[in-house]
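Dear colleague,

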Amino acid sequence: MPNIRDLITAIGTAAAFGGVAVLSVTGWTPFSVDAPAASTVVEPEAVTRNIVCSGSVLAAVADSTTWTRVGTTSQGIVGGHFVNQFTTDGEPDGAIITYDSTPDAVAATEFASVKNDIVAGYMAAECGDPVNSQWLVGGSTTTGRDAVLTISNGSGVDARVDLEFWGANGPITAPAASGLVIGAGESTSYSLAGFAPAEESPVIHVVSNGAPVWATLQTSTVRGLVPGGLDRVVSVDEPATNVVVPVVRQPDEETVGPLRADPDYSDTVTLVRLLVPGETDGNATVTVTPFDGGEPVVVSTALSAGKVLDIPVDELASGDFSVTIDSDVPIVASTRFTAHSTKSSVTDMAWSPAVPARPGPAMAYVPVADSTLSIVNNGDMAATVDVTTNGESTSVSVGAHSSVSVTVGRGALTVVSDTPVVTGVVVETQNGVATLRLPVEPLGARSVTVIAH
Amino acid sequence: MVSRDSVAVVVVSRRHPERLTKALSSIAGQAPATSIVVANLSGTEIAVPSGVSIVTLAESSSLSDAVTTALDGLDKDLVWILRDDVEPRAGALDALLAVFETSPSVGIVGPKQLDAEFTAEIREMGESISRSGFAVQLAEREMDQGQYDRQSDVLGVGEAGMLVRRELWNELRGFDAALPYVDGALDFCYRARAAGWRVEVVPSAAVETAVSSLEANLGDVSAARVVREEAKARAHRVLSYLSGLVAPFRALTLILGALVRGIVRFAQKRPHPFADFGGTVAGVARAGLIAESRRNIARTTTQPIDRSRLFITRADMTRRRALERDAQRALRESRDVEPRLGFGPLGAWMSGAALLVGLILGHNYFGASALSGGGLLPLSGSISDVWSAVGATWTPIAGGVPSAPDGFSVLLAALATLTWWDPNIAIVGLWLLAVPMSFLAGWIGAGAVTVRSSTAFVVATAWTLLPSLHISLAEGRLGAVVAHIAIPLAVRALVSRGAVSAGWFALLAAAIWVSVPALSPVVVVAVIARAVAGRPAILAALIPAVALEWPRMLDAISTNPLLYFADRGVPTLAVNPPLDILHLWPVVPSIPFLDETVSGIAVLVVVGVAALSTIAAVAFGTPRLGGIAIVAASGVALATAFDSLPLARIADQNVTVFVGSLLDPVWFALLSGLAVLATSATIVRAIAIPGIITMVAVISATAIAIPFTGGALVSSSAVRSVPAYVEAETRTHRDAGTLVITPRESSIVAELQRGRGATMTDWTATAATRRSVAETETAVATLAGNLIVESGFDVVPAAQQLNIRFVLLNAKPTNAAVSAIASHDGLTQVGQTSNGVLWLVDTTPSEDSTHSGRNWLYVVGGFLAVLVAAIAAIPTSLPRRRIDDDELVLGTEEADA
């Protein structure tokens, strides 16, 4: 039998255990401490922000070394003004645009509608902030397909640019692809076929050492003697394991069906282009989700490192879709879709690049009225998105893991969300389709949150 | 010729007049009453038998004066000196006289002195001195077995019963007045020898003395006073016997020797360590008396003394001291009968196994030159840099902020000193050895509640498996690792007795306190509880911890006292999610084949069983465990209270305290309870021991497996955290700054590194818990914010002001910020490094700023406090000489003995 003293100690022990158990269950938190201040918002002084546009629609008409301007582009500008143009082959072209009042509130779109013997179609592409690394996913250099890489240097110093190419069969060793000097204020165009001839699925990495540059890839299609298809491909984001293409517009089967009977039109199929630029093979799941709430189409595929993979996405009903690609290795991705107008009988294609999710504020100039803004929320929380178009602001709620499309008017478009969302605009005209990204202000355009320690 | 009649018997009565009658009656049979003179120094009236004469002297008179006075007018050739506490045995005087009869060269004879109380014990029988002048009793406190009875020729004899030739007494002028209490007789005999006389001890003459000579002369004084008087007498004798030329040097060596002996005694925690030193100094200082003694000696000396024969040889001194130590040890051991937990073969084998497991779990760190990640940063490569952080009032974190010194820097410096040639090796070593060290700590700690090695095995193994250790190792929580190892040891030290355990506890408590300040309330509660439970002196064991932490405490009180409890080291977020505090488990368990909810319930069941076992173990004979458990429960209350407080921050992340350390004390109690109960009966042991260990291992599996699942934040790293180019440059300018900019999604992180980059010691508690953005941080932020965009900001003056020499963009060279930074004037791109893109700023490196402020009061105070505790912790006794039976039960040992 335990003696009485031990028993008392045991009771004391039990009481102590019971006491702390009660404190734990009741969540005894008698103290509180204010969270420490951590970050400083810095407003940089006298910020320089220029966005640049590539310029005219080009084609090599006479020979492959001389560019002919086969279509002029217009620039729609919001919150900014022209400051200069690039010198392209000794002539001014393109545009350098700076902000009017605040560095974060400027956007511009370059667009062109062309219908002649050489090129037919519609293109629209946002003008962007020059950067040092760009991934151009799109185009083709097979027979009748043309791709023009335009690199513009709007800064005051020369840029030394290195190009890397990938194709369906792996990395392409291109001649004279490194050490390209783009002079200050100059814009130079190159035929992609010169670096990657007869390549069905090219991906280009433009790396600039020194001054940042703006690179775009103009793609055009001529089937036999019929031109049909024009777009200007802009850069996707740096490789990531989860990428989202905000919008793909699947054309009506009734309009494109008859076309596809002709084997020349086989490239009107909607496709997803993927590349693992790294060294490791991986697996990816492509989820194509309709905006109208239908069942998503899921495709799983193995990825070979360094080999560009084009996945045709057929068997879709007509309408708008978002494409989400999850991969176990970082990838870059873009999609292509086609439009055909029975009225103008122009067949056009558009490249819709993957876009990172951001809360904004994101801005764009929409060149055509009644365009479609797509908002994709792949997050776990519902997003409240303020969309300002035609000078009016509306609030749109986008549930978790769902997407919404909003019709927007011509001119300035601003999108602000409370959680990161993926946005894109589809512009459709008689002469064809195009997609626009909504660029966000680059880090530090107006204020920088600095965590110093 | 020599007869009883020629003897004058002088009985000096000073302290024991009540014994005088007995003394006189024993003398009566040996000498005629008329030859007896009583010298009364007692200050009281004393009655004497008829015929005995009496002289009264002042109380302050010395024995020698008393004898001389008593002899006045007596016409006797010999003097027999006795005291009131001395009873000569029958025939003593005759035996002494017989020597004079046969040996005319003998001047002094002395009897064998026996203890009046234990008459078979020799109190004194001849004296000598060692080569270095220590007085030595030839036989002291030994059983009289006739072992000294063949001895006769000695250097000196004691005063009690000493028979002296009158002419000698007169010639030498009695005892030296400078030696009134100690060694008077010894010195007298020495001088007699020097004057050509012989001194003999006569074993057949026996007297019984009630007290020693010293006590008889000085009274019953403190032990310290005795030591002091002996040292004083020794100094006096040694210096008197030397020539005046050598004496000053000898005086110095005397003082130095005494000082060294004092320090040794102090380190051995023996009583009154510096009494010897004080006495020596006092003795040396009496230059006048020494000179007088020397003159007196010179006057009478006729021949040198045969030192080799009469002095104690060095070898003999060594032997005597060894015997003395053995006697003391035997005495101590005779008192120390409580059984203790031994280590045994089980402990040795299992420690080996723990070492192996630790090395397997730490395989990622083999060959690492430093560790960083999570709460760890490399230490500086030089030990002096590590120590310079101790007491520093400034830290380069956040561009340089004032900072209160804290004890963690001392802990780091102490750790680093173990591998002084490369401080980081100590941290790598700790990471590799933490598992076996926890096992040893658990084993030793189990000794607080058990003497069974099987119980200790369960406690130690489970303690080693606890996730608080493995999570701490994975997340780089150096403080929590140290605390996990120190807690069981501290418990053991706290429940033990004695100065050594108190010293250990003081050091361990300080280590726990400075490593995990959140545990400091538990330490205080434990100490107070122990003080109340019969060990009040243990309160002093908190002094080192407080001495190491007071500046930080004051600093925290001036902002928010709660901030004091933030974890030490680099603040780090818990990546292994903590479980609901109710489960008492520091991490979400993931038990194979069970989902999270079921795992949580399993943990609750284990906790419940452990709690009930502990209560049962307390009720059935381990009350001490109850005390430990009650104190440890306060840790759980603290864990609840501190759980979600944002005490520290790193970049923009708020960091709370690590719950694992706060739960450690209660887990020690619970594991002890489980182990004690499980091993109490032989029948359950076979199932319970593997059962408990398996249970703890299964719910800890996630944490233990981190090194293999890749969840560890800690990894081996280079000692420097800046590019080699910067390191080369900072060799000449140690304070040159590097602004490290890391772009994020919507913000940038800007960090100003000084010299070779932030080290572990830079992250003081003040820096980790600062509440506001420091002025320098704002300046750094402004510079960084303007740098990463193309702006009109003038970089160079701002960088010059902050003494920034480099800008490092922690991003790929294709990052947009590269060209933005490059667009600013005054920057030269150095190129790409493994850490990012580097620019050299066109600033003049300023001379090293003198931010080497140091709180010397803190440094000295902390050093002294730790030194005293460390000295206390040095074990002064050899290990016990007894066979530790593993399964020893209290009480059987005495039966064996």
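**A residue in chain A**

Val78(A) counts as buried, because 20 C-beta neighbours lie inside 10 Å, and 20 is the number from which a residue is called buried. Please keep in mind here and throughout that this is a predicted model. Val78(A) belongs to strand S5 of chain A, which covers residues 74–78. When its neighbours within four places in sequence are left aside, Val78(A) is in contact with Val106(A), Ala107(A) and Ala108(A), and also with Met363(A), Tyr365(A) and Ala412(A). Ala240(A), which is 162 residues away from Val78(A) along the chain, has its C-alpha atom 31 Å from that of Val78(A).

**Chain B as a whole**

Chain B contains 34 helices and 23 strands. Its radius of gyration is 38 Å, whereas the globule rule gives 29 Å for 897 residues, so chain B is more spread out than a compact globule. The C-alpha trace of chain B spans about 125 × 75 × 45 Å along its principal axes. Of the 897 residues in chain B, 52% are buried, and of the contacts between residues at least 6 apart in sequence, 77% join residues that are at least 24 apart.

Which residues of helix H2 (residues 63–71) of chain B are buried? They are Leu63(B), Ser64(B), Ala66(B), Val67(B), Ala70(B) and Leu71(B). Viewed down the axis of H2(B), these buried residues fall within an arc of 160°, so they line one face of the helix. In general, an α-helix has 3.6 residues a turn, so residues three or four places apart point the same way. The cover over the buried residues of H2(B) includes strands S1 (7–13), S2 (36–40), S3 (53–56) and S4 (78–83), together with helices H5 (184–194) and H6 (213–218), of chain B. After H2(B) comes Gly73(B), which has a positive phi, near 85°.

Gly861(B) lies in helix H33 of chain B, which takes in residues 856–873. Gly861(B) is partly exposed, with 19 other C-beta atoms within 10 Å. The C-alpha atoms of Gly861(B) and Arg89(B) are separated by 61 Å, and these two residues are 772 apart along the chain.

**Where the chains meet**

The contact draws 60 residues from chain B and 50 residues from chain A. On the side of chain B that touches chain A, the elements giving two or more residues are helices H23 (596–619), H24 (623–642), H30 (775–787) and H32 (816–822), along with strand S20 (748–754). H24(B) gives the most to this side, with nine residues. By class, the side of chain B that touches chain A has 34 nonpolar, 18 polar and eight charged residues.

Strand S34 of chain A (residues 448–452) is joined to S20(B) by three bridges, and the two strands run parallel. Within this pairing, Val450(A) stands opposite Ile748(B) in S20(B).

**Nonpolar cores**

The largest nonpolar core has 169 residues, and those with the most contacts inside it are Ala486(B), Ala490(B), Phe505(B), Leu508(B), Ala509(B), Ile512(B) and Ala633(B). Apart from its neighbours within four places in sequence, Ala509(B) is in contact with Ala490(B), Val523(B), Ala541(B), Leu542(B) and Ala545(B). A second, separate core of 115 residues includes Val70(A), Ile77(A), Val323(A) and Ile325(A).

With best wishes

Technical notes. Residues numbered from 1 in each chain as written. Chains lettered and ligands numbered in written order. Predicted model: local features only at pLDDT ≥ 70, side-chain atom pairs only at ≥ 80, totals over all residues. Helix = DSSP H or I, 4+ residues; strand = E, 2+ residues; numbered from the N terminus. Rg over C-alpha atoms; globule rule 2.2 N^0.38 Å. Buried ≥ 20, exposed ≤ 12 C-beta atoms within 10 Å, placed from the backbone. Contact = placed C-beta atoms within 7 Å. Arc of directions from axis to C-beta. Nonpolar A, V, L, I, M, F, W, Y, C, P; charged D, E, K, R; others polar. Pairing = 2+ DSSP bridges. Core = buried A, V, L, I, M, F, W, Y, C linked by C-beta atoms within 7 Å.
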